[in-house]
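Look over the sequence and the model below before reading on.

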Amino acid sequence: MRKSGAAAGFVRKHTGVALARLWRSLALRCPHCGAPGVTRRWVEVRASCPRCGLRLDRGEPDHWLGAVLFNLIAAELLFGAGVLAVLMLTWPNPPWDGLLWGGIPVLVAFAILTYPVTKLLWLGFDLMFRPPTPGDFAPPVPPSPGPAPGEPG
Ligand SMILES: [Zn+2]
């Protein structure tokens, strides 16, 4: 009985951590510490977190393949839900040409717009299975204040 209580506590603790990482990633924050400012412009994720110093690519050149996978899955799920909704609303005469030619730009736009989120989601997912080690942290770098007034941006 005591073991199941400890197991339940372990599961509860790690579920909470996983949900916190998911939420932080969706909010474009560091999945590890929750700090904002881990993205630059829209599609670029910084090299490391400005607060905790976690290297956001984990120092691996192929780390973002998982983010691409998450991005494709999310885009396909959205497209499938959209096609299903259009079919349900327009049956028995669905606009097949509209679905085909309208779906392509929607898929491309969705993939681009959600790329930073899926990058951070992948990092949060990866951190669940490979918790950060001291080697995953770089010295914190504060976000740049941007160009000074009068400087070209
Ligand atoms: Zn952080």
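At 1.5 Å a residue, the 18 residues of α3 should span 26 Å, and the 25 Å between its end C-alpha atoms agrees with this. The expected span used here is 1.5 Å times one less than the number of residues in the helix. Helices (H or I, at least four residues) and strands (E, at least two) are DSSP runs, numbered from the N terminus. The model is a predicted one: local features need pLDDT of at least 70, side-chain atom pairs count only at pLDDT 80 or more, and totals for chains, interfaces and linings use all residues. Residues are numbered from 1 along each chain as its sequence is written.

α3 bends by about 30° at Gly103, and Pro105, a proline, follows within four residues. The bend at a residue is the angle between two fitted axes, one for the seven residues ending there and one for the seven starting there. The number of buried residues among the 18 of α3 is zero, so the helix lies largely in the open. A residue counts as buried if 20 or more other C-beta atoms lie within 10 Å of its own, as exposed if 12 or fewer do, and as partly exposed in between; C-beta atoms are placed from the backbone.

What does α3 (residues 96–113) meet? Its axis and that of α2 (residues 65–90) come within 10 Å and cross at roughly 145°. Axes are lines fitted to C-alpha atoms, for helices over the stretch in contact, and angles run from 0 to 180 degrees between N-to-C directions. On the α2 side the contact includes Leu78, Phe79 and Val83, and on the α3 side it includes Leu99, Gly103 and Phe110. Two residues are in contact if their C-beta atoms, placed from the backbone, lie within 7 Å.

Helix α4 (residues 115–129) has 15 residues, which should span 21 Å at 1.5 Å a residue; its end C-alpha atoms are 21 Å apart, which agrees. Buried residues in α4 include Tyr115, Leu120 and Trp122. Leu69 is exposed, with 12 other C-beta atoms within 10 Å.

For the chain as a whole, the secondary structure comes to four helices and two strands, in the pattern α-β-β-α-α-α along the sequence. Of its 153 residues, 17% count as buried.
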